[in-house]
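Here's a quick run through some labels and the cut-offs behind them. Have a look at the structure, then we'll go through it by question and answer.

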Amino acid sequence: MRAEKQYLIDEVSGHLKKSDYVILTNFTKLTVADAAELRKRLAPEKAEFHVVKNSSFRVAAKALGLPDLDKSLSGQTAVVVGGKNPAGVAKALKKFIEEKQKLEVKVGVMDKKLMTAADLAKLADLPSFDALRSMFLGLLTMQGAAFVRVLDAKIKKEQPAAPAA
């Protein structure tokens, strides 16, 4: 294999090793300014947007044991990788796509499982991790408070009211 090809495959492999997920996009209508804006929006999630050659991606994905993505590797392809919050990345991508309508999600892979564009849109619609955590804590405290009110009512019912002083 030529050194240039091996360099490109190694570069794509390095991108894919950065995270447990990869999102493949079609960037045909994207301008340089739009790509810069997308990268800026992905930066808070520590995600990256990279244009890749389909042949290099195919070889790197196969070497890393990713599912077969040959059907999605047609036309221009860019990948989104990195960051620890795939839902946040999906949200940023969805918002960018809704506003600009210049980017198209082809497919995604999360924990070596194939995800369609519709699956990624559902992931983007989920509340953030902090919101889910606060909802869960709210449920726990609500149940605890209800339990305390029931105990308090039972105690008041069983004990006669103390005479006023």
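This is a predicted model: local features need pLDDT of at least 70, side-chain atom pairs count only at pLDDT 80 or more; totals for chains, interfaces and linings use all residues.

Q: Which strand is Thr77 found in?
A: Thr77 is in strand β3, residues 77–81. Strands here are DSSP runs of E with at least two residues, helices are runs of H or I with at least four, and both are numbered from the N terminus. Residues are numbered from 1 along each chain as its sequence is written, and side-chain values use heavy atoms, with hydrogens and water left out.

Q: Why does Thr77 count as buried?
A: Buried means under 20% relative accessible area, with exposed over 50% and partly exposed in between (1.4 Å probe, protein chains only). Thr77 has 2% relative accessibility, so it counts as buried.

Q: What joins the side chains of Thr77 and Asn54?
A: A polar contact of 2.6 Å does that. The term needs a pair of N or O atoms within 3.5 Å; within protein, one must be able to donate a hydrogen and the other to accept it, and residues adjacent in sequence count only if both atoms are side-chain atoms.

Q: Is His15 buried or exposed, and why?
A: His15 has a relative accessible area of 10%, so it is buried. This residue lies in helix α1, and its side chain makes a polar contact with that of His50 at 3.4 Å. Not counting residues up to four places away in sequence, His15 touches Glu48, His50 and Val81, where contact means heavy atoms within 4.5 Å.

Q: What makes α1 oblique to α3?
A: Helix α1 (residues 3–16) and helix α3 (residues 54–64) pack at about 55°, with axes 8 Å apart. Axes are lines fitted to C-alpha atoms, for helices over the stretch in contact, and angles run from 0 to 180 degrees between N-to-C directions. Under 35 degrees is roughly parallel, over 145 roughly antiparallel, 65 to 115 roughly perpendicular, and the rest oblique. That angle therefore makes α1 oblique to α3.

Q: Where is Leu30, and why is it called buried?
A: Leu30 is in the loop between β1 (21–26) and α2 (32–42). Its relative accessible area is 13%, so Leu30 is buried. Leu30 and Leu103 are 73 residues apart in sequence and 6.5 Å apart in space, C-alpha to C-alpha.
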